[in-house]
Amino acid sequence: VSTIHKGRYDMIQGAYEAIGKWLSGHPEYEIDGSSVERYIKDENDNVPPEAFETGVLFPVRRVDA
């Protein structure tokens, strides 16, 4: 499961909260490993912190019923 955080790194917690909310509404899935942050736009792209984009990804697996 993944989401894109747009903005400063110190505000990224909202992306993790969104994933947690999605997972709580989809009990047929559970986290199956460590999260990954993928930097799509950052200081190396000469954009201001407000324009940073970071992908937040968690591997998940379907839970057998």
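A: In this predicted model, E53 is in contact with I4, H5, K6, R38, Y39, I40 and K41, leaving aside its neighbours within four places in sequence. E53 itself lies in strand β4. With a relative accessible area of 18%, E53 is buried, because buried means under 20%.

The sheet to which this strand belongs is open and is formed by three strands in the order β1-β4-β3, with antiparallel pairing. β1 (2-6) and β3 (36-41) stand at the edges, and each has a single partner strand, so one side of each is left without a neighbour in the sheet. From one strand to the next, the twist averages 25°.

The pairing of β1 with β4 may be considered in more detail. Strand β4 comprises residues 53-57, and five bridges join β1 to this antiparallel partner. Within this pairing, S2 stands opposite L57 in β4.

T3 is also found in strand β1. T3 counts as partly exposed, at 25% relative accessibility. Not counting residues up to four places away in sequence, T3 touches A15, I19, T54, G55 and V56. The C-alpha atoms of T3 and T54 are separated by 8.4 Å, although the two residues are 51 residues apart along the chain.

Helix α1, residues 13-24, lies across β1, β3 and β4. The helix runs at about 155° to β1.

Note on methods. Residues are numbered from 1 along each chain as its sequence is written. This is a predicted model: local features need pLDDT of at least 70, side-chain atom pairs count only at pLDDT 80 or more; totals for chains, interfaces and linings use all residues. Side-chain values use heavy atoms; hydrogens and water are left out. Two strands pair if DSSP finds at least two bridges between them. Helices (H or I, at least four residues) and strands (E, at least two) are DSSP runs, numbered from the N terminus. Axes are lines fitted to C-alpha atoms, for helices over the stretch in contact, and angles run from 0 to 180 degrees between N-to-C directions. Contact means heavy atoms within 4.5 Å. Buried means under 20% relative accessible area, exposed over 50%, partly exposed in between (1.4 Å probe, protein chains only).
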